[in-house]
Each structure stands twice: as structure tokens, then as C-alpha cells.
Amino acid sequence: MDLVIINDTQPRKLAFYLAEEEYLAKRYPDRDFFFAWQVNPSVIIGRNQLLEKEINVDYCHDNGVEIFRRKSGGGAVVADMNNIMFSYVTSSDDVCSTFSEYTSMVAAALRALGLDASDNSRNDILIGDRKVSGNAYYHLPGRSIVHGTMLYDYDPVLMANTLRPSKTKLASHGVQSARSRVTTIREHIPQLSISDFLDHILKTVANNGNTLVLTDDDIRAIEEIEQEYYAPAWLAGKNPRGTVEHSERIDGIGEISVNLTVSKGLIESLVLTGDFLENSDAEAEISKAIISIAYERESVNNALRETDLNALIPGMTIEKFVNLIF
């Protein structure tokens with residue numbers, strides 16, 4: 001695995017680093033990469049999340065907190081200079097196993113510091129029973145991209161005022177607030193500086209590869225991709241309108257909401273939102289199966305028999321999805 005270096009003295013906008021992942025995945029299809037980055041106060045939401053539901057947009061605008069949408073699933077996170085972001089790019093068509101390999105590597109790096117770290121959650125890395133890192137992934141043809149947060153420290157005011165975690169999500173973890181569910185590296189190893197912690201991660205995770213220093217040409221190409229993340233339509237995301245809407249938090253999958261337009265008894269459109277992870281465009285594939293099908297439990301169940309829902313949304317079954325709809 002090769003370490004990627006940018007000769008920047010100041011952090012860039014968060015979208016640049018998302019674009020960097022895409023660029024590396026496409027430009028160097030036979031190489032695996034790992035890199036770390038930090039940003040000024042920002043919020044990043046998952047591909048399928050509803051902006052106004054997850055983020056206190058007014059607070060962000062009033063306090064200079066930038067908002068971005070990524071192409072991977074999962075939930076909303078806050079990032080600032082107390083937080084280190086990691087990106088992993090590899091050749092793989094099996095996104096789930098790649099995701100697990102990555103979180104295992106990072107958890108092992110934390111255990112090397114003497115921390116009680118594990119990756120036994122859906123997409124989190126834990127110290128004890130508290131979250132220190134949240135992660136997500138998405139897939140390009142032949143390539144997988146995994147990225148995540150690492151809380152060296154955090155600003156509790158920023159976290160409390162930017163995010164709107166659902167009560168359902170918090171209840172599923174048996175806690176009353178997002179703050180009570182997280183921990184930090186600094187809380188456990190206060191004598192370890194953030195720079196020394198980052199050096200440890202880089203040496204432990206990317207310990208046997210070469211170093212790629214991005215050139216000016218690389219930077220320009222990444223900046224072109226970066227512009228896609230600023231498109232208003234992309235940031236706004238899905239804006240579902242329909243006649244049937246159901247939401248549920250499903251163990252092992254996450255929050256998922258289904259919004260259906262039904263006309264004359266037939267399903268006309270489907271929108272899926274939430275913090276679930278997906279291996280491909282689940283909404284598009286499921287729509288192929290159920291659009292123009294009668295809005296009846298048996299009809300939808302039969303229509304989905306040829307669709308591998310677990311391959312689209314890990315953990316999903318026909319029974320779970322049909323129960324969600326009805």
C-alpha cells in the first residue's frame with residue numbers, strides 16, 4: 001500500500017480530498033493507496049441522507065461550517081483540525097470484505113498503542129464500547145474506496161450544534177446524546193500529540209509501500225473532479241415526494257426510509273434515504289424490480305425474488321424490505 005503526500009501548507013476544502021480518492025482510484029488502477037487529511041470545520045453527510053433532517057443548516061451557515069455530501073453511504077459526521085480523516089483506495093469488487101479489512105487494520109494500529117480497540121460494529125471503530133471512528137465506502141468498477149474519521153479530540157459545541165442525530169439511532173445505542181457515545185484518542189493517551197499519533201498511524205497502516213507525491217498536474221486533475229461536489233443539485237441530494245413513506249432502524253443495516261409514489265394502485269417511483277451502506281445504487285436496482293408493480297405485499301415480494309438485496313444493501317432481505325414498505 002502506497003502513502004500519498006500533498007505538499008500543502010494549509011488544509012484544502014473537504015471536497016478536494018473526496019475528489020483525490022476518485023482520481024487515485026481511476027488514474028492508478030493497479031495501486032493501493034492510503035492517505036490522511038484534516039480540514040477546517042466541516043460537516044459531511046452520506047449519499048442517501050436528507051440534508052435538513054441531519055444537519056442544522058442555519059447554524060453551519062452562521063458559524064462558517066462548510067457542508068459537503070459524499071458519494072458513500074453512512075451517516076453525517078463533523079470534522080475539524082482535531083479530527084483526522086483517512087482514505088483507503090484499493091482494487092476490489094468485494095466491498096464488504098475490503099471494508100472489514102480496512103477497519104481491522106486501523107483497529108490494530110490503535111491496539112498497538114495499548115488501546116482496547118475493535119471494529120465489531122456496523123461501520124464504527126470502538127475503544128471499549130464508545131465510538132472513536134466512523135467509516136463508509138463506495139465502489140467504482142474494479143476499485144473500492146473506504147474513508148473514515150478518527151477523533152483525536154473534538155469540539156463538543158461544534159458537534160452538539162451541527163448534527164441532528166435521530167432519536168431512533170440514539171435509542172438503539174442506549175444513550176441520550178451523540179456526545180455520550182463517542183470517545184477520543186486524547187482522552188485515553190493525553191501525552192500523545194496529534195502529530196505523533198498521525199505518524200504512528202501512517203507507519204503502521206502504510207508500512208510496506210512507496211510514497212506518491214502528487215504533482216501539479218495531479219492537483220489540477222483533482223480540482224476538476226472537486227467541482228462536481230459543489231453542484232447545488234448534488235449537495236441538495238434526494239428530495240422525496242410521495243404518497244407512502246415508512247422509516248425504520250434495522251439492526252445491522254442502519255436507518256432506512258422508503259418513499260413511494262403510488263398511482264392507481266401501482267408503484268410509480270421509489271426513493272431510499274438514510275444512513276445505510278450500499279454496494280451499488282440500491283435505489284436504482286430495486287426500482288427496476290418494483291416500478292409498475294401493484295402496491296400489495298405479495299406482488300412486491302414476488303417482484304423482488306430475482307433481486308439480491310443483500311448484495312445491494314448488506315444485511316437486507318426481501319422480508320425486511322417488504323416489512324419496511326408495508
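Reader: Is strand 13 mostly covered or mostly open, and how many of its residues are buried?
Author: Strand 13 (residues 254-263) is mostly covered, with eight of its 10 residues buried. Buried means under 20% relative accessible area with a 1.4 Å probe, protein chains only. Strands here are DSSP runs of E, at least two residues long, numbered from the N terminus.

Reader: What sort of model is this?
Author: This is a predicted model, in which local features need pLDDT of at least 70. Residues are numbered from 1 along each chain as its sequence is written.

Reader: Back to strand 13. In which sense does strand 12 pair with it?
Author: Strand 12 (residues 244-250) and strand 13 pair in the antiparallel sense, over seven bridges. Two strands count as paired if DSSP finds at least two bridges between them. Arg249 has Glu255 in strand 13 as its bridge partner.

Reader: What about the hairpin of those two?
Author: Three residues lie between the strands, and Gly252 in this hairpin takes a positive phi near 80°.

Reader: And how many bridges join strand 13 to strand 14?
Author: Eight bridges join strand 13 to strand 14 (residues 266-274), and the two run antiparallel. Leu260 is bridged to Leu270 in strand 14. This hairpin has two residues between its strands, and Lys264 in the turn has a positive phi of about 55°.

Reader: Other topic. What is the strand order in the open sheet of three strands?
Author: The order is 4-3-5, with mixed pairing. Strand 4 (66-69) and strand 5 (77-79) are the edge strands, each pairing on one side only.

Reader: How is strand 3 joined to strand 5?
Author: Strand 3 (residues 42-45) runs antiparallel to strand 5, joined by three bridges. Ser42 has Ala79 in strand 5 as its bridge partner.

Terms used. Predicted model: local features only at pLDDT ≥ 70, side-chain atom pairs only at ≥ 80, totals over all residues. Heavy atoms only, no water. Helix = DSSP H or I, 4+ residues; strand = E, 2+ residues; numbered from the N terminus. Buried < 20%, exposed > 50% of the residue type's maximum accessible area, 1.4 Å probe, protein only.
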